[in-house]
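Please read the following explanation with the sequence and the structure side by side.

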Number of protein chains: 2
Amino acid sequence: MTTHDSYHHGDLRNALERAALELVGEKGADNFSLSEAARRAGVSPSAPYKHFAERDALLAVIAAKGHRFLHAMLRTALAGESDPAQIMRIANEVFLTFAVEQHALYEASYYSRIDAERYPELMIAYKRVTDITDDAAARLRPDPAEAIGLAAACGSLRYGFAATFLFDREKPMGESLVTARDQLGRATIALVNGY
Amino acid sequence: MTTHDSYHHGDLRNALERAALELVGEKGADNFSLSEAARRAGVSPSAPYKHFAERDALLAVIAAKGHRFLHAMLRTALAGESDPAQIMRIANEVFLTFAVEQHALYEASYYSRIDAERYPELMIAYKRVTDITDDAAARLRPDPAEAIGLAAACGSLRYGFAATFLFDREKPMGESLVTARDQLGRATIALVNGY
DNA sequence: GTCTATATGACGATAGAC
DNA sequence: GTCTATCGTCATATAGAC
């Protein structure tokens, strides 16, 4: 309400999350530090400890947010689609889009080496994402062992694609997200059909 | 020759490389520190600077070693094979085997975020590896654009498989390297055939 | 809810003695 | 070729004042 510094009256938690997200996007989840997040939020290094028990707790919040964001993207993109092969293709394409367009969230969700067991909300959010592709795989392959294998293969493919598109200096799939997306979709269909 | 401490007479370079490799295997390439490598080699934190200009220089040496090791594995496994689809399948399987059996080297080669441009030997060693699968893709797809796309897809698949097998706590492909290897081989063939 | 102050401990890198 | 000593920087986390 008043015009004095905003962060000092209940908004710090959000300010820290924003700063942390920015940081993770710039330097990677591994090189994220709570101190620098505090610095960017304009508070002292000890202030965050009123809101987060430890460094990893803040990271876990961001990571869970990422999984929920991806899940929402998936729900939207898959609305009305019932063919499991198409679901798998679209899900993989959405994954790549998420990785590129929400790069900071993606870093937090897929590259922070934190002990997920300690943060149940993180595991739950993650599971809601994987359930979608696991279900599609189960419908494509009645045999449970085969379903798991196919789901793992599709998961590996999208994960590898995202890593290659984002981090490979050779840029083997070019600079265009649209092109890379098509390539991933094509590869996913090839994998599902030939498996 | 004499029985006094060994490292102090020309062996430090090797001792540091061994210690660094061990460290990278335990804590990941990102959390590697030159100081701790020195500690493990039994010397002071400043001693390494006589052999390596900076932290990343040691890391680059290990990473290049990893690429050369993988290249040697590929040469052996591919000896006498001429069918490009089989070359791609075998190369992917060998990549996974390398990632698991030489985990420390793999970490250094594929997870150290160093500026590769600054270490030419690293780029050369890496290129010798990718040439093998790039050539196979070129023989599978005469059209250059398609060859690049297929090579990128196969590269993504093997990279994602290795990451999933090594780091995914869900262990979707089980604990057995042999099983995972077969799954990757199968997926690679499916990808090549259906592309 | 945020502050200052502090304990504790890394790290990268350099200078100069031996 | 390795040492000691040191600088500067950064981090996580706690205690207690305001």
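Two residues are in contact if their C-beta atoms, placed from the backbone, lie within 7 Å. Helices (H or I, at least four residues) and strands (E, at least two) are DSSP runs, numbered from the N terminus. This is a predicted model, in which local features need pLDDT of at least 70 and side-chain atom pairs count only at pLDDT 80 or more, while totals for chains, interfaces and linings use all residues. Residues are numbered from 1 along each chain as its sequence is written, and chains are lettered from A and ligands numbered from 1 in the order in which they are written.

Chain A gives the overall picture. Its secondary structure comes to 8 helices and 0 strands, and from the N terminus on the elements run α-α-α-α-α-α-α-α. Taken along the principal axes, the C-alpha atoms of chain A fill a box of roughly 60 × 35 × 30 Å.

Chain A is assigned two stretches, domain 1 (1–52) and domain 2 (55–194); domain bounds come from an automatic or database domain assignment. Taken over C-alpha atoms, the centres of domain 1 and domain 2 of chain A are 28 Å apart. Contacts join 15 residues of domain 1 of chain A to 14 residues of domain 2 of chain A. On the domain 1 side, helix H1 (12–27) and helix H2 (34–41) of chain A each supply at least two residues, and H1(A) gives the most, with 7 residues. That side of domain 1 of chain A divides into 10 nonpolar, 2 polar and 3 charged residues. For these classes, Ala, Val, Leu, Ile, Met, Phe, Trp, Tyr, Cys and Pro count as nonpolar, Asp, Glu, Lys and Arg as charged, and the others, Gly among them, as polar.

Next comes helix packing in chain B. Helix H4 (residues 84–101) and helix H7 (residues 144–167) of chain B pack at an angle of about 30 degrees, with their axes 9 Å apart. Axes are lines fitted to C-alpha atoms, for helices over the stretch in contact, and angles run from 0 to 180 degrees between N-to-C directions. Angles under 35 degrees count as roughly parallel, over 145 as roughly antiparallel, 65 to 115 as roughly perpendicular and the rest as oblique. H4(B) and H7(B) are therefore roughly parallel to each other. H4(B) passes H7(B) in a right-handed crossing; a crossing is left-handed if the near helix is turned anticlockwise from the far one by less than a right angle, and right-handed if clockwise. From H4(B), the residues B:Met88, B:Asn92, B:Phe95, B:Leu96, B:Ala99 and B:Val100 meet B:Cys154, B:Leu157, B:Arg158, B:Phe161, B:Ala162, B:Phe165 and B:Leu166 of H7(B). By class, the contact of H4(B) with H7(B) has 11 nonpolar, 1 polar and 1 charged residues.

H4(B) also packs on helix H3 (residues 55–78) of chain B, where the two axes come within 10 Å and cross at roughly 140 degrees. H3(B) and H4(B) are therefore oblique to each other, and their crossing is right-handed. Here B:Leu70, B:Met73, B:Leu74, B:Ala77 and B:Leu78 in H3(B) meet B:Ile87, B:Ile90, B:Ala91, B:Val94 and B:Phe98 in H4(B). The contact of H3(B) with H4(B) divides into 10 nonpolar, no polar and no charged residues.

In chain A, helix H4 (residues 84–101) and helix H7 (residues 144–167) pack at an angle of about 30 degrees, with axes 9 Å apart. The crossing of H4(A) and H7(A) is right-handed.

The DNA strands remain. A residue is near a strand if its C-beta atom, placed from the backbone, lies within 6 Å of it. DNA strand C is surrounded by 18 residues, the closest being A:Leu12, A:Val43, A:Ser44, B:Ser33 and B:Ser46. Helix H2 (residues 34–41) of chain B provides the largest share of the surface near DNA strand C, 3 residues. Around DNA strand D there are 18 residues, of which A:Ser46, B:Leu12, B:Val43, B:Ser44 and B:Ala47 come nearest. H2(A) gives the most to the surface near DNA strand D, with 3 residues.
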